[in-house]
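I will write down what I look up as I go.

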Amino acid sequence: MIANEETLRHLMVKAQGGDKQCYSSLLMESEKWLRRYYARKINPAAIDDLVQETLISLHRKRASYDPTKAFLPWLAAIGRYRWIDSLRKIYRHDHDELYEEMVADPQEESVTAKVSLERLLGMIPEKQADVIAMVKIEGLSIAEAAEQTGQSESLVKVNIHRGLKKMSALIESE
Amino acid sequence: MSEVANSLIDGLVDDLKPVKALRPSMGLAVTALLSVATMTAVATLMGVRSDLAMGMADEMFFLRSGILLMLGFATAFTVMNMARPGVGQLSRGWVWALAAASLFPITAGIMSIINTPPVEALRPSQGVECLTVSILSALAIGSGMTTWLRQGAPTSPERAGWLVGIASGALGAAAYNIFCPFNDIYYIGLWFTLPVIISAGLGRLAVPKLIRW
């Protein structure tokens with residue numbers, strides 16, 4: 001179970017003040033939250049790296065947290081930014097390991113729904129979301145995605161590029 | 001939790017030092033200071049328009065200054081808040097300021113259709129000077145804004161680039177406006193709009209690379 005929003009906010013405020021014990025707890029809770037946040041939104045083999053990169057970003061940019069605001073929307077904005085960045089870098093992965101689905105914590109459902117990556121994918125045109133999911137998340141090749149969707153290969157590439165760009169612009173609007 | 005994650009967390013905790021939370025008001029203060037500095041530079045190096053120096057400025061001067069300053073600061077407010085990310089926090093006040101500012105070029109366009117202006121009304125040589133000084137002022141203001149923004153974590157670098165360009169373009173034009181003696185709508189519609197558009201384009205091209213993290 002992940003700590004609630006108020007506890008996380010309190011830990012982050014203390015961490016900005018230099019409290020190492022609070023920071024350690026906050027990073028552990030954030031690690032758990034991010035792992036669940038990214039589940040099924042990126043190739044399972046890439047989750048570890050992405051979670052770690054996001055924690056490093058949290059550390060480097062900790063001054064950008066507004067102590068009067070909730071913590072999770074801030075972490076989610078950083079998480080989305082790193083996620084889109086990593087989708088841009090991924091071309092093809094051939095991993096088909098199984099991974100366990102993380103079960104959502106009921107108390108966090110409202111926040112998770114608001115900041116979810118799925119929602120972000122749902123806000124771009126379907127053709128773009130489909131090919132991003134196929135190529136960047138499931139690891140299909142451009143040719144395979146083209147065959148499955150009936151789009152030409154160059155259209156698949158254009159749709160991935162446009163979709164990622166649109167999602168990147170949506171991070172703060174939604 | 002994996003060992004790698006554990007050792008990463010230990011490393012980050014070891015590295016922890018107290019930080020002061022970023023305040024967008026500081027970014028706005030930097031923007032305001034640079035705007036005053038460029039206005040002072042224009043007034044010192046080029047002079048102040050004569051009616052303003054006599055304390056009897058034309059009403060068009062007040063309209064133009066007000067619109068440019070509103071556009072500049074409303075946009076700067078949005079972009080400085082982008083330094084602190086958060087889901088669902090985007091402020092859109094700048095859009096209204098931009099819509100109000102576009103009344104100048106729109107009016108000039110409509111008036112040109114009704115009554116084609118003579119080329120003299122556009123004053124090409126003074127216009128180019130207006131454009132050059134406005135863009136140079138915008139570069140100074142935009143550089144300061146970008147430097148401040150780099151401390152933060154803007155999650156939409158392209159949008160931040162456009163907004164830094166629009167804000168600094170409007171404030172750069174407001175600096176030149178202190179000197180510019182012309183009041184007709186054709187001149188303002190063209191030569192005070194171009195710096196904002198060009199600066200927005202420059203911001204979009206240059207700023208995202210500088211603020212990515």
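The entries below go from the whole model to single residues.

**Entry 1: confidence.** I noted that this is a predicted model. I looked up its overall scores and found ipTM 0.82 and pTM 0.80. For chain B I read an average pLDDT of 92, with 98% of the residues at 70 or above.

**Entry 2: chain A as a whole.** I looked up the secondary structure of chain A and found nine helices and zero strands. Written along the sequence, the pattern of chain A is α-α-α-α-α-α-α-α-α. Of the 174 residues in chain A, 39% are buried. I then took the contacts in chain A with a separation of 6 or more: 70% of these are between residues 24 or more positions apart.

**Entry 3: helix 7 of chain A.** Which residues of helix 7 of chain A are buried? I listed Gln128(A), Val131(A), Ile132(A), Met134(A), Val135(A) and Lys136(A), in a helix that spans residues 126-137. Next I checked what covers them, and the cover includes helix 4 (71-89), helix 6 (117-122), helix 8 (142-149) and helix 9 (153-170) of chain A.

**Entry 4: where the chains touch.** I looked up how many residues each chain gives to the contact: 39 residues come from chain A and 32 residues from chain B. On the side of chain B that touches chain A, helix 1 (3-14) and helix 9 (157-177) of chain B each supply at least two residues. Helix 1 of chain B gives the most to this side, namely six residues. I sorted the side of chain B that touches chain A by class and got 19 nonpolar, eight polar and five charged residues.

**Entry 5: one helix pair across the contact.** I followed helix 1 of chain B to helix 3 (residues 47-60) of chain A. The two helices pack at an angle of about 5°, and their axes are 11 Å apart. Helix 3 of chain A is therefore roughly parallel to helix 1 of chain B, as angles under 35 degrees count as such. From helix 3 of chain A I noted Asp48(A), Val51(A), Gln52(A), Leu55(A) and His59(A), which meet Val4(B), Ala5(B), Leu8(B) and Leu12(B) in helix 1 of chain B. By class, this contact has six nonpolar, two polar and one charged residues.

**Entry 6: the core.** I looked up the largest nonpolar core and found 100 residues in it. Those with the most contacts inside this core are Leu26(A), Leu75(A), Val79(B), Met145(B), Ala160(B), Ala167(B) and Ala170(B). I picked Met145(B) and listed what it touches beyond four places in sequence: Gly27(B), Val30(B), Thr31(B), Ala76(B), Val79(B), Val164(B), Ala167(B) and Ser168(B).

**Entry 7: two loop residues of chain B.** I found Arg123(B) in the loop between helix 7 (119-122) and helix 8 of chain B. Its phi is near 40°, a positive value in a residue other than glycine. Arg123(B) has 17 other C-beta atoms within 10 Å, so I put it down as partly exposed.

Gln151(B) is in the loop between helix 8 (124-149) and helix 9 of chain B. Gln151(B) is also partly exposed, because 15 other C-beta atoms lie within 10 Å. Leaving out neighbours within four places in sequence, I found Gln151(B) in contact with Ala63(A), Leu22(B) and Ala83(B). Last, I checked Gln151(B) against Ala173(B): they are 22 residues apart in sequence and 27 Å apart in space, C-alpha to C-alpha.

Methods. Residues are numbered from 1 along each chain as its sequence is written. Chains are lettered from A and ligands numbered from 1 in the order in which they are written. This is a predicted model: local features need pLDDT of at least 70, side-chain atom pairs count only at pLDDT 80 or more; totals for chains, interfaces and linings use all residues. A nonpolar core is a set of buried Ala, Val, Leu, Ile, Met, Phe, Trp, Tyr and Cys residues joined through C-beta atoms within 7 Å. A residue is buried if 20 or more other C-beta atoms lie within 10 Å of its own, exposed if 12 or fewer, and partly exposed in between; C-beta atoms are placed from the backbone. Two residues are in contact if their C-beta atoms, placed from the backbone, lie within 7 Å. Helices (H or I, at least four residues) and strands (E, at least two) are DSSP runs, numbered from the N terminus. Ala, Val, Leu, Ile, Met, Phe, Trp, Tyr, Cys and Pro count as nonpolar, Asp, Glu, Lys and Arg as charged, and the others, Gly among them, as polar. pLDDT is the predictor's confidence in each residue, from 0 to 100. Axes are lines fitted to C-alpha atoms, for helices over the stretch in contact, and angles run from 0 to 180 degrees between N-to-C directions. Angles under 35 degrees count as roughly parallel, over 145 as roughly antiparallel, 65 to 115 as roughly perpendicular and the rest as oblique.
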